[in-house]
Amino acid sequence: MSEFNYNSWENIGHLREIAGRFIDCDEARSVASEVTPDDVDLSSVYASFEQLLGGGSGGFELPKGDALSGTSGLAGLFFPDEVPSVETPQGEEVALQTGAQTEFAKSHNSPYESLRDQPITYNGRETFDVQAIRKDFPILHQKVHGKDLIWFDNAATTQKPRQVIDAISHYYEHDNSNIHRASHTLAARSTDGYEGARDKVAKFINAPSSENIIFVRGTTEGINLVTQTYGRKFINPGDEIIVSTLDHHANIVPWQQLAKERNAHLKVIPINDRGEVILEEYERLLTPRTKIVSFSQVNNTFGTISPAKTMIDMAKRYGARVLLDGAQSIAHSPVDVQELDVDFFVFSGHKIYAPTGIGVVYGKKELLDIIPHWQGGGNMIKDVSFEETTFNEAPAKFEAGTPNVADAIGLGAALDYVSRVGIHRIAEYEHYLTEYARTELGKIDGIKLLGNPRDRVSVVSFVVPGISSPEVGKLLDGEGIALRAGHHCAQPALRRLGVETSVRPSFAFYNTTAEIDRLVEAVKKIVSERQ
């Protein structure tokens, strides 16, 4: 079935006719009469009317088609295809190529406006069976302190589905061997499993080739690999490195150390009170001396989604390379490294339902070919003599020694699992959970929500004045609720909003609104008992 075209003149007229049944206001009708197909995403409007009419009763029948979901637009949430544009008072349409995007979005529509303004409604049974998914995660089915476990610490690490656990067990029970340099059957199986996982990663992030994929222990090691290879080769005295206030310590400390070592300058992108990057200030930081910009795609404290494509394009205009930290985005949104045109992309497997101890560095081939190896040892060499060593090609030259074969296979199984569920469906559902949690927690007198980014996912941070965050975390643990309470390795971001620590529930696709309701009631209890 072809997708229904909501934004057509015919359906604008349809909408006006229906609106007359609900709006008794001449001014409102006048505004509605001026609406054009380019002004609004009518799929969400139709979904709202469906809700008002109780699912199509009252003589109003919604258009039928594949696109009717009310949240289908979330597929494009993270990487808009085009730079937003605006019509000037003179009627000229111009692209917003600079930090003016942020300022403009304060009073005009952004690419995500329709998502921010949608009612919180979701029919999970039609497109997403969370109860079926929960059955795949054995750890969720236990009691802690006599209460059903609620795992709201997903930004720290995700739980593992049975399919991942079984893949690792099968490897150790049937295939365990070192890889590459052996002629026996188990070595061949292990090599196939390890390299097959590399192929799966390349496909998942749309890398040109598996040769762009380097296995490391995680995001932290991946960033350190880039600082110690690209950084030491190309960063010279007086050069500039740019990071963000929103970054995890893992994307601050390695660059800070490199800047001191190379006598370079470390510059920091500021954020506003909502917890968003100020693009205008970012553009001011960029100069011809900027060698690399490194920032997180999603912040781990406020859930801020950075305008990654815009920021990458801005850096490219100054000839800078870009590293994108995908630790908090990889499990929540589609990632396309070619569309982003990013030079390096890093993430940890344990953030996307895979084991700990395995992660990925994606690098453009032209960079991987010219930057030096990092560690020395077996596998990364072609030939060794006492006089000289010649090194392997990428990615092998960055993977010295026996690799983490089992967990690479586990990562491949995790990506298979996520792909079967559908990353777009996951994005829709988790967006709904996040907005539901913010709404319900925001109703509690006696707590303060931190940040309010307009584009966000999967994280809510709050403080309870008069009670330390670790104490709140301990009290919630007594209710069977596991979440993070501390500084989250993001002290600069928290300090910018005036606090040292926060309580941070973070969500995944196996969480439910019923679990959020339990969290809300537990927080209410903590607040009331301290008043």
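Visitor: Which residue forms a salt bridge with Glu276, the closest N and O atoms being 3.7 Å apart?

Guide: Start with the idea. Side chains of opposite charge can pair when their charged atoms come close. A salt bridge is a side-chain nitrogen of Lys or Arg within 4 Å of a carboxyl oxygen of Asp or Glu. Here, Arg274 is the partner of Glu276. This is a predicted model, where local features need pLDDT of at least 70, side-chain atom pairs count only at pLDDT 80 or more, and totals for chains, interfaces and linings use all residues. Residues are numbered from 1 along each chain as its sequence is written, and side-chain values use heavy atoms, with hydrogens and water left out.

Visitor: Is Glu276 buried or exposed?

Guide: Buried means under 20% relative accessible area, exposed over 50%, partly exposed in between (1.4 Å probe, protein chains only). Glu276 has 8% relative accessibility, so Glu276 counts as buried. Arg274 is partly exposed, at 32%.

Visitor: Which Arg forms a salt bridge with Glu276 at 2.9 Å?

Guide: Arg454 does. This pair links distant parts of the chain, 178 residues apart. Arg454 is buried, with a relative accessible area of 14%.

Visitor: What does Arg198 meet in a salt bridge?

Guide: The side chain of Glu399, at 2.8 Å from N to O. Arg198 sits in helix H9 (residues 185–204), and Glu399 lies 201 residues apart from Arg198 in the chain. Helices (H or I, at least four residues) are DSSP runs, numbered from the N terminus. Both Arg198 and Glu399 are buried.

Visitor: How many salt bridges does a search of the whole structure find?

Guide: It finds 33. Lys316, Arg321, Asp341, Asp343 and Lys364 are linked in a network of them.

Terms used:
Helices (H or I, at least four residues) and strands (E, at least two) are DSSP runs, numbered from the N terminus.
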